[in-house]
Amino acid sequence: MKKLFRSKSEKMIAGVCGGLASYFSLDPTLVRIALVGVTLLGGSGLIFYLAMWIIVPIESGYREVQ
């Protein structure tokens with residue numbers, strides 16, 4: 001069962017785009033470009049990103065390699 005989460009490994013700000021890319025099996029760069037496009041065209045992309053940042057939990061079970 002797939003779960004939506006904010007990514008710890010594929011993040012630039014909060015991991016929202018990385019988590020969405022993982023959930024839909026897409027490249028995170030494409031999700032980021034789409035989000036910027038939506039933000040520039042209508043402005044709702046920023047509101048969507050902030051809502052996802054607050055609502056979606058951070059990825060668990062992730063260990064950073066040192």
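**Close-up views of helix packing and aromatic pairs**

View A. Tyr-23 is partly exposed, with a relative accessibility of 28% (buried means under 20% relative accessible area, exposed over 50%, partly exposed in between; 1.4 Å probe, protein chains only). The model is predicted: local features need pLDDT of at least 70 and side-chain atom pairs pLDDT 80 or more, whereas totals for chains, interfaces and linings use all residues. Residues are numbered from 1 along each chain as its sequence is written, and side-chain values use heavy atoms, leaving out hydrogens and water. The charged end of Lys-2 sits over the ring of Tyr-23, 4.8 Å from its centre (NZ of Lys or CZ of Arg within 6 Å of the ring centre and within 35 degrees of the ring normal).

**View B. The aromatic pairs.** Two aromatic pairs are found in the whole structure (rings of Phe, Tyr and Trp, the last by its six-membered ring, with centres within 6.5 Å; planes under 30 degrees apart are stacked, over 60 edge-to-face, the rest tilted). Tyr-23 and Phe-24 are edge-to-face, with ring centres 5.0 Å apart and planes at 90 degrees. Tyr-49 and Trp-53 also form an edge-to-face pair, at 6.2 Å between centres and 70 degrees between planes. Tyr-49 is buried at 11% relative accessibility, while Trp-53 is partly exposed at 37%.

**View C. Helix 1 against helix 3.** The axes of helix 1 (residues 16-24) and helix 3 (residues 44-55) come within 10 Å and cross at roughly 85 degrees (axes are lines fitted to C-alpha atoms, for helices over the stretch in contact; angles run from 0 to 180 degrees between N-to-C directions; helices are DSSP runs of H or I, at least four residues, numbered from the N terminus).

Key
Helix = DSSP H or I, 4+ residues; strand = E, 2+ residues; numbered from the N terminus.
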